[in-house]
Amino acid sequence: MTILKKCWIFVIGIITASILVAAPANAATNPFIDVTTKDTHYPAIVELYNKGIVEGTSSNTYEPYKQVTRQEAALFIANALKLDTVNVPNSKFTDVPKSSKYYGAIAALSYKGVISGFPDGTFRPTNTLTRSQIAKMITLAFELSISKNTVTPFKDVNSISDIPTRQYIQTLVDYKITTGTTPTTFSPYTALNRGQLATFLKRAIDATGGGDFEIIGIE
């Protein structure tokens with residue numbers, strides 16, 4: 001074997017070894033046994049989990065089709081915005097104690113004007129969110145330009161009498177954060193699930209200058 005050939009074999013060996021060593025470091029970690037590559041929300045869940053934005057319901061489950069609670073949504077949104085959840089003013093919600101892991105996120109978003117409570121002074125942290133409610137939260141949280149268009153592609157939204165709700169949903173359409181549950185429906189009063197929230201958040205991050213991939217699917 002010639003010296004030149006030996007040198008080429010040595011160089012190729014070094015390159016191969018470098019690739020094998022580097023690959024695991026760059027690979028995204030997916031600890032969730034209930035989130036597979038066949039899932040529409042897989043890219044968003046895994047990406048946001050690795051960025052510390054979303055978390056599972058246990059060490060190895062995410063439960064993407066479980067209805068998301070108001071406190072979970074607040075935590076994920078606060079994480080996405082990288083808000084200070086420690087040095088926050090009092091939330092003033094009577095049902096959100098300072099001992100709650102969600103207290104800081106809820107207080108920060110309340111101060112920012114993204115969320116508000118109910119007339120009785122409660123936040124009702126364990127209640128679920130509807131798809132129309134998350135449209136408002138995302139629009140305000142990411143400071144999106146609210147659409148002036150009150151006519152949306154969705155027949156079940158155009159029938160809503162509340163104009164701001166229609167505008168918040170149209171805003172998500174404008175920013176390509178939603179495409180609806182079908183081309184003509186948004187299902188505004190359907191409860192939001194954890195997988196959908198991850199997808200909405202990832203798209204919002206992308207639309208406002210973050211992220212590096214596009215999620216394709218119906219939401």
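Does F186 count as buried or exposed, and at what relative accessibility? In this predicted model, F186 has 0% relative accessibility, and therefore counts as buried. The residue sits in the loop between α7 and α8. Its C-alpha lies 6.8 Å from that of V157, although 29 residues separate the two in sequence.

The chain as a whole is helical in its secondary structure, with 8 helices and 0 strands. Read along the sequence, the pattern is α-α-α-α-α-α-α-α. The chain has 219 residues, and 41% of them count as buried. Contacts between residues at least 6 apart in sequence were also examined. Of these, 68% join residues at least 24 apart.

The largest nonpolar core contains 50 residues. Those with the most contacts inside this core are Y62, I106, I134, M137, I138, F142 and L197. The most comes from α3, with 7 residues. L197 illustrates the packing. Leaving aside residues up to four places away in sequence, L197 touches V68, A73, F76, I134 and L192.

The buried residues are R70, Q71, E72, A73, A74, L75, F76, I77, A78 and A80. They pack against α4, α5 and α8. After α3 comes K82, with a positive phi near 55°.

Helix α7 also has 12 residues. From its first C-alpha to its last, α7 reaches 16 Å, close to the 16 Å expected at 1.5 Å a residue. The buried residues of α7 are T165, R166, Q167, Y168, I169, Q170, T171 and L172. Their packing partners are α5 and α6 (155–158). Just after α7, K176 adopts a positive phi of about 60°.

The search for open space gave a largest pocket with a volume of about 370 Å³. Two elements give two or more residues to the lining of this pocket, α5 (131–141) and α7 (163–174). The largest share comes from α5, with 5 residues. In total, 19 residues line the pocket. Nearest its centre lie R70, S116, Q133, K136 and M137.

R70 is one of the buried residues of α3. Helix α5 gives the most to the pocket lining, and the buried residues of both α3 and α7 pack against α5.

Methods
Residues are numbered from 1 along each chain as its sequence is written. This is a predicted model: local features need pLDDT of at least 70, side-chain atom pairs count only at pLDDT 80 or more; totals for chains, interfaces and linings use all residues. Side-chain values use heavy atoms; hydrogens and water are left out. On a 1 Å grid over the protein atoms alone, a cavity is a set of points where a 1.4 Å probe fits but cannot get out, and a pocket is an open set with protein on both sides within 12 Å along at least five of seven lines; lining residues have an atom within 4 Å of a point. Grid points are joined across faces, edges and corners, and a volume is the space filled by probe spheres set on the points. Helices (H or I, at least four residues) and strands (E, at least two) are DSSP runs, numbered from the N terminus. A nonpolar core is a set of buried Ala, Val, Leu, Ile, Met, Phe, Trp, Tyr and Cys residues joined through side-chain atoms within 4.5 Å. Buried means under 20% relative accessible area, exposed over 50%, partly exposed in between (1.4 Å probe, protein chains only). Contact means heavy atoms within 4.5 Å. The expected span of a helix is 1.5 Å times one less than its number of residues.
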